[in-house]
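Please work through each task before reading its solution.

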Amino acid sequence: MEIEATALAFINAIKKLNNISEIDLEKSKFLGKSGILTKEFKKLSVLDGENKISEGKRLNAIKNQVEDAINNQIKIAKQLALNKKLKEENVDITLPVNKEFGSLHILSYEIRRIKEEYKAHGFLILDGPEVETEFFNFDALNIPKYHPARQSQDTFYIKDFQDTLLRTQTSCVQIRAMQKNALPLSMISIGKVYRNDQLDATHSPMFHQIEGLVVDNKPINIGNLKDALSKFVAFVFDVDSVSLRFRPSFFPFTEPSMEVDCCYSRENGNIKINKDGNSWLELGGAGMVHPNVFKYCGIDTEPYGFAFGFGLERLVMLKYGINDIRSLYDTDMRILKHYSSIASN
Ligand code: PHE
């Protein structure tokens with residue numbers, strides 16, 4: 001019976017250990033190659049028949065008990081170690097904080113500002129996919145195949161996927177919106193567009209467009225468009241009122257189409273949007289929605305509508321006096337911090 005007593009003493013000793021390597025060391029003393037119990041098992045070889053079986057059973061029972069005790073104690077030790085670690089790594093929330101907070105990039109800041117304002121005025125704020133089909137980017141916008149406008153927008157086509165491209169304009173969101181929503185519809189969409197342009201001070205192969213669309217079965221005219229544009233431009237530049245000028249232009253999806261200019265003056269070399277300024281600045285395009293576009297959207301009531309579209313980067317660059325579009329995409333923290341501090345003041 002001596003081995004039972006030794007085992008019991010061993011189990012009691014194990015229960016006092018809270019350290020895994022100490023438990024392992026004790027384990028090897030008992031169950032290892034030349035451990036106490038292993039030696040007992042070796043003695044079995046000299047026994048015969050019945051004796052060997054009963055002695056074997058006895059030793060195995062002891063082995064199981066010892067192993068259970070060891071495994072249990074390892075579990076306890078692991079839990080204790082984890083508790084200790086959690087306690088040590090406890091974050092002291094009373095320590096002084098790092099006061100350097102991040103801020104929104106000015107493009108994000110302006111996007112949010114415009115979206116919030118227009119949402120508050122009941123406009124839907126919509127976006128669509130950046131990978132588009134030719135139908136939404138061109139056909140439905142009244143730009144048939146082989147129309148020169150397709151070339152002028154230097155499209156990135158997606159290789160191996162027929163009719164698939166990176167959208168060149170957010171006008172495709174208008175189509176999706178008109179297919180889905182009942183009239184009257186007032187919407188703003190802001191998103192990334194892609195054109196195969198070389199990156200330089202004023203061009204980027206990726207930039208953002210802001211587009212507005214208002215459609216109703218009741219008459220809407222150019223006067224309404226001018227009013228909406230004046231409010232939009234004044235809001236973007238944060239001024240009370242603006243003076244706009246329309247120049248005849250061409251967009252396949254609007255008729256008539258126009259370029260929108262805004263009156264400005266120069267103050268200390270900086271552009272200042274100013275109702276009584278003496279020069280004109282080109283801002284973007286606009287027009288009355290072409291009847292063909294309504295047809296492509298499946299609208300047969302012949303409604304009235306206007307649309308306008310601007311490059312966000314251009315607006316932001318004019319507003320903040322930035323003369324290189326690349327500084328909007330660079331990771332130069334000095335520039336990013338400088339402009340975001342102006343934006344949030
Ligand atoms: N989508 C046009 C462009 O990319 C801009 C525009 C939008 C013009 C809506 C008129 C009306 O140039």
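**Exercise 1.** Into which domains is the chain divided?

*Solution.* The model is predicted, with local features requiring pLDDT of at least 70, side-chain atom pairs counting only at pLDDT 80 or more, and totals for chains, interfaces and linings using all residues. Residues are numbered from 1 along each chain as its sequence is written, and side-chain values use heavy atoms, without hydrogens and water. The division gives domain 1 (2-88) and domain 2 (106-344), with bounds from an automatic or database domain assignment. Taken over C-alpha atoms, the domain centres lie 77 Å apart.

**Exercise 2.** Determine how helices H1 and H2 are oriented, and describe their contact.

*Solution.* The axes of H1 (residues 2-14) and H2 (residues 20-31) come within 11 Å and cross at roughly 175°. The two helices are therefore roughly antiparallel (angles over 145 degrees). In the contact (heavy atoms within 4.5 Å), H1 contributes Ile3, Thr6, Ala7, Phe10 and Ile14, while H2 contributes Ile23, Glu26, Lys27 and Phe30. These residues comprise six nonpolar, one polar and two charged.

**Exercise 3.** Identify how strand E10 is paired and covered.

*Solution.* Strands pair if DSSP finds at least two bridges between them. Strand E5 (residues 206-216) runs antiparallel to E10, joined by eight bridges; here Val215 stands opposite Gly305. Strand E9 (residues 279-289) is also antiparallel to E10, over five bridges, and Met288 stands opposite Phe306. Finally, seven of the eight residues of E10 (residues 304-311) are buried (under 20% relative accessible area, 1.4 Å probe, protein chains only).

Terms used: Axes fitted to C-alpha atoms, helices over the stretch in contact; angles between N-to-C directions. Helix = DSSP H or I, 4+ residues; strand = E, 2+ residues; numbered from the N terminus. Parallel < 35°, antiparallel > 145°, perpendicular 65-115°, else oblique. Nonpolar A, V, L, I, M, F, W, Y, C, P; charged D, E, K, R; others polar. Buried < 20%, exposed > 50% of the residue type's maximum accessible area, 1.4 Å probe, protein only.
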